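This report turns to the charged side chains of the model and to the places where they pair. Please look at the sequence and the structure below before reading on.

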Amino acid sequence: MIGILALQGAFAEHAAVLDRLGEPHFEIRQLRDIDRPFDGLIFPGGESTVMGKLLRELGIYDPLREKIANGLPVFGTCAGLILLAKEVDGGVPCFSTMDIAVKRNAYGRQLGSFFTESDVRGVGRVPMTFIRAPYIASVSGDAEILAEVDGRIVAAREGNQLVTAFHPELNDDLSIHRYFLEMVRA
């Protein structure tokens, strides 16, 4: 069972991908939702500042951070990547569980959005949709680079944590979500 943070952002799109993969899931909207058993967690794209604020106001932040620290597999896309980063350029870190430094809104405004394809280590060639996306300025510790586009890091993994600056949930390709589900099952 996969929990999807559903406070704001592209949570419905991740749910649709999990439906296509036949993976059971539910939305996390309030503290009592965290009491349900789940084996993995998705932080969707959206507005990281708003999500961070709501996580704290709803009392969800501390229990989720503890679950991630204790090994719960987590997949963050775009804003979800920012939530997990230890360093955030122009912002305050939220969970600070992943040894990455992030540049927010690195690709500019909504008009700076774009589509490309690139290789992701351990996955293969995947379509990548970037919307007001961040990029990973650097990795340290045990974090490893999985993909780069034009010399910028756009996907990384550290143990039980996977992040992408792009939105795999907005394309027909299911390979990134399959990769995450393999992490959950391992």
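The side chains of K86 and D99 meet in a salt bridge, with 2.8 Å from N to O, where a salt bridge is a side-chain nitrogen of Lys or Arg within 4 Å of a carboxyl oxygen of Asp or Glu. Helices (H or I, at least four residues) and strands (E, at least two) are DSSP runs, numbered from the N terminus. K86 counts as partly exposed at 38% relative accessibility, whereas D99 is buried at 17%; buried means under 20% relative accessible area, exposed over 50%, and partly exposed in between (1.4 Å probe, protein chains only).

The model is a predicted one, in which local features need pLDDT of at least 70 and side-chain atom pairs count only at pLDDT 80 or more, while totals for chains, interfaces and linings use all residues. Residues are numbered from 1 along each chain as its sequence is written, and side-chain values use heavy atoms, with hydrogens and water left out.

The structure holds nine salt bridges, among them these:

| Pair | Closest N and O atoms |
|---|---|
| E47 and R132 | 2.9 Å |
| E57 and K53 | 2.8 Å |

E47, in the loop between β3 (40–43) and α2 (48–57), and R132, in the loop between β8 (124–130) and β9 (135–139), are 85 residues apart. E47 is partly exposed at 32% relative accessibility, and R132 is partly exposed at 27%. E57 and K53, by contrast, both lie in helix α2, four residues apart, about one turn of the helix, and both residues are exposed. Finally, E117, D119 and R125 are linked in a network of salt bridges.
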